[in-house]
Amino acid sequence: MTPAGSENTLRDLPSFCRVAADLKPTSDSDIRIEVWLPTVRWNGKFIAVGSGGWGGSISYGEMADALRRGYATSATDDGHTGPSASFIVNHPEKLIDFAYRADHEMTVEAKTLIHAFYGRDPRYSFWNGCSGGGREGLLQASRYPEEFDGIIAGDPANIRRNAWALELAVQTFKDPEAYIPAAKYPMIHRAVLEACDAKDGLKDGLIEAPESCNVDFKSLQCKAEDGIDCLTARQVQTAQTITSPVATRTGQILFPRVEPGTELRWSRLAGGPQPADLFLDEFRYVVYQDPNWDWRTFDLERDSAKAHAIDKDIDELNPNLTAFAKHGGKLLLYHGWADQQVAPGSSVEFYKEVLEASKVTEQNWVRLFMAPGMAHCSGGEGPDNFDKINVMEQWVELGKTPEQIIAAHKAAGKIDRTRPLCPYPQVARYKGVGSIDEASNFSCSSSR
C-alpha cells in the first residue's frame with residue numbers, strides 16, 4: 001500500500017479493512033482519521049498511534065507496525081493538514097482538536113468500529129506515541145483516564161519546550177559572534193566524552209548518567225586565533241548556555257538543560273539562521289497569531305507567560321494521573337538522554353511530579369526508562385531499539401512490571417551493542433567481566 005501523498009510503500013501488510021473518516025465535533029473541526037481492522041488473525045486488541053510535531057498527517061508507518069502485530073489500529077491528522085501550526089490562527093477550536101480532542105474522538109470512533117466489525121470490544125487498548133505523540137498520550141491519560149489500559153509515551157514534547165528553544169535561539173545565534181559552526185561539534189563532543197564518559201565506571205562512548213556531569217567549556221577556549229579545534233570566548237558562553245537550564249532573571253528554572261552527549265546534534269537548537277519552524281510556530285501562530293512575528297523580539301519572561309496562559313488548560317501536561325492509575329492503567333515513559341529536541345530532564349521532572357501528585361499507594365503502574373546516548377525518539381550513539389509494545393503487553397496482560405528493558409544499537413542494519421535500560425533512577429552497571437557490548441554483562445543499580 002502506498003498512502004496518498006507519500007512515496008513510501010508499506011509492504012507485508014496482512015489483509016485488513018481500511019476505514020477513513022472525517023470527524024466534526026465542532027463547527028470548526030475537520031479531523032481526519034483512519035482505522036485499520038485486520039480481517040485475518042486479529043489479536044483482539046487495539047492500538048492508537050500518536051502524531052509528531054504539530055501533527056497534520058496520518059502516522060501510516062506506525063499503523064502498519066501495529067497491523068503486522070495483529071492489532072486493530074487508528075491514527076489522526078489532529079484536525080488539519082501539513083506540518084505548520086498556521087491552522088491555529090483565528091481557529092481556537094482547532095487548537096483544542098490538535099491538543100487532545102482529535103485523539104479522543106478518534107479513539108471513541110475506532111472502538112465503535114471495532115465493536116461493529118468484530119461483534120465485540122477489544123480486550124485491551126493501548127496508546128503508542130513519541131515526541132508530540134508522547135505528549136498526546138499523557139494528555140489522554142489525564143483527561144480520559146479509562147480510555148486506555150496502557151500508554152507508551154516516549155520523549156514527550158512538553159509544550160513549554162518551545163519557549164526554551166526560542167530562548168536558546170536568541171542566546172546562541174541572534175548575535176553572529178555567538179554562533180558555533182557545526183564543524184566544531186565533533187571536537188566539542190570528544191571533549192565532553194573525555195570529561196563525562198568514565199564517570200559511570202566504564203569508558204564506552206556513552207554517558208550513562210549525564211545529570212551528574214558538568215563540563216567547563218573554558219578548557220576549549222582558543223589560546224590564539226580562532227580555529228576548528230577551539231572555541232572563541234563568545235562561543236564558550238554559547239556552549240555553557242546550551243547545557244544550562246533556561247531560567248528567568250530571578251532564577252526560576254523554566255526548562256531543564258540539553259544534557260552532555262548531544263553535541264553532534266546541537267544544530268537542531270543552535271544551527272540558525274532562525275529557529276526551527278517546530279518551535280517558532282508556537283509564538284507566531286499561537287501566541288501572537290502573526291506569521292511575520294520576529295523571533296528576535298522574543299522575551300523569555302513575557303512570552304513564556306503569554307504561552308502558558310493560552311496552553312495551561314489545553315496543551316500542558318497534568319501530572320495528576322490518579323484516575324488513570326486507579327483504573328488499572330500502566331504508563332511507560334521513556335526518553336533519550338542525548339535528545340537534542342526535548343530536554344530529557346523534562347521527563348525526569350514530570351515523572352517525579354506524577355509520583356507526588358497521583359494519590360496511589362502502589363507505584364507499580366508507572367515507570368520511566370532513560371536511554372543513554374539515544375537521540376530524540378531514536379538514533380544516536382546509544383542503544384535505541386527496543387520492543388515497547390511487548391513490554392506493555394507483558395505489564396498489562398500478565399502483570400509483569402518491567403524491571404529492565406533490553407535495547408539494541410544497530411550499525412549498517414546489524415546489532416553491534418545491547419544494553420539494559422533501567423527504571424529511573426537506576427542505571428546500568430558493568431559487572432566487570434565479558435563484552436561491554438552484551439546486555440547480559442550489566443545489571444541495574446540504584447546508585448547514581
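# A walk through the predicted model

Lys 184 touches Asp 226, Gly 227, Ile 228, Cys 230, Leu 231, Thr 232 and Gln 235, leaving out residues up to four places away in sequence. The model in which these contacts are found is a predicted one. Lys 184 sits in the loop that links helix H4 (161–172) to helix H5 (185–196). Its relative accessibility is 3%, so Lys 184 counts as buried, the limit being under 20%. The C-alpha atom of Lys 184 is 43 Å from that of Ser 74, a residue 110 positions away along the chain.

The protein chain holds twelve helices and 14 strands. Its radius of gyration is 22 Å, close to the 22 Å that the globule rule gives for 448 residues, so the chain is as compact as a globular protein of that length. Along the principal axes, the C-alpha atoms fill a box of roughly 75 × 60 × 45 Å. Of the 448 residues, 57% count as buried. The accessible surface comes to about 18600 Å², and carbon and sulfur atoms account for 48% of that area. Among contacts with a separation of 6 or more, 68% are between residues 24 or more positions apart.

Five of the five residues of E4 (residues 72–76) are buried, so the strand is largely enclosed by the rest of the structure. Two strands pair with E4. Strand E2 (residues 31–38) runs antiparallel to E4 and is joined to it by four bridges; here Ile 33 has Thr 76 as its bridge partner. Strand E3 pairs with E4 in the parallel sense over three bridges, and Phe 46 has Ala 72 as its bridge partner in E4. Between E3 and E4 the chain passes through helix H1 (residues 60–68), and this β-α-β crossover is right-handed.

Five bridges join E3 (residues 45–49) to E5, and the two run parallel. Six of the seven residues of E5 (residues 124–130) are buried, so E5 is largely enclosed by the rest of the structure. E5 pairs in turn with strand E6 (residues 150–154), in the parallel sense and over five bridges. In this pairing Cys 130 stands opposite Gly 154. E5, helix H3 (residues 132–143) and E6 make a right-handed β-α-β unit.

The largest nonpolar core has 93 residues, of which Trp 164, Ile 188, Phe 217, Trp 266, Leu 331, Leu 333 and Trp 365 touch the most other members. Helix H2 (residues 92–118) gives the most to this core, with nine residues. Leaving aside neighbours within four places in sequence, Trp 164 is in contact with Val 246, Phe 255, Pro 256, Val 258, Leu 269, Gln 341, Val 342 and Ala 343. A second, separate core of 30 residues includes Met 63, Ala 64, Tyr 71 and Trp 395.

Arg 265 lies in the loop between strand E8 (253–255) and helix H7 (267–270). With a relative accessibility of 17%, Arg 265 counts as buried. Its contacts, apart from neighbours within four places in sequence, are Ala 338, Gln 340, Ala 375, Gly 380 and Glu 381.

A few backbone details remain. Most residues other than glycine have a negative phi, and most peptide bonds are trans. Gly 272 and Pro 273 are joined by a cis peptide bond with omega about 0°, and Pro 273 is in the loop between H7 and helix H8 (277–287). The bond from Tyr 424 to Pro 425 is also cis, with omega near 15°; Pro 425 lies in the loop between strand E12 (414–421) and strand E13 (427–430). Asp 12, in the segment before strand E1 (16–23), has a positive phi near 60°. At 69% relative accessibility, Asp 12 counts as exposed. Cys 377 has a positive phi of about 70° and is found in the loop between strand E10 (366–371) and helix H12 (388–398). Cys 377 is buried, with a relative accessible area of 19%.

Key. Residues numbered from 1 in each chain as written. Predicted model: local features only at pLDDT ≥ 70, side-chain atom pairs only at ≥ 80, totals over all residues. Heavy atoms only, no water. Buried < 20%, exposed > 50% of the residue type's maximum accessible area, 1.4 Å probe, protein only. Pairing = 2+ DSSP bridges. Right-handed = clockwise from strand over helix to strand, strands pointing away. Core = buried A, V, L, I, M, F, W, Y, C linked by side-chain atoms within 4.5 Å. Contact = heavy atoms within 4.5 Å. Rg over C-alpha atoms; globule rule 2.2 N^0.38 Å. Areas by Shrake-Rupley, 256 points an atom, 1.4 Å probe, with all protein chains shown as cover.
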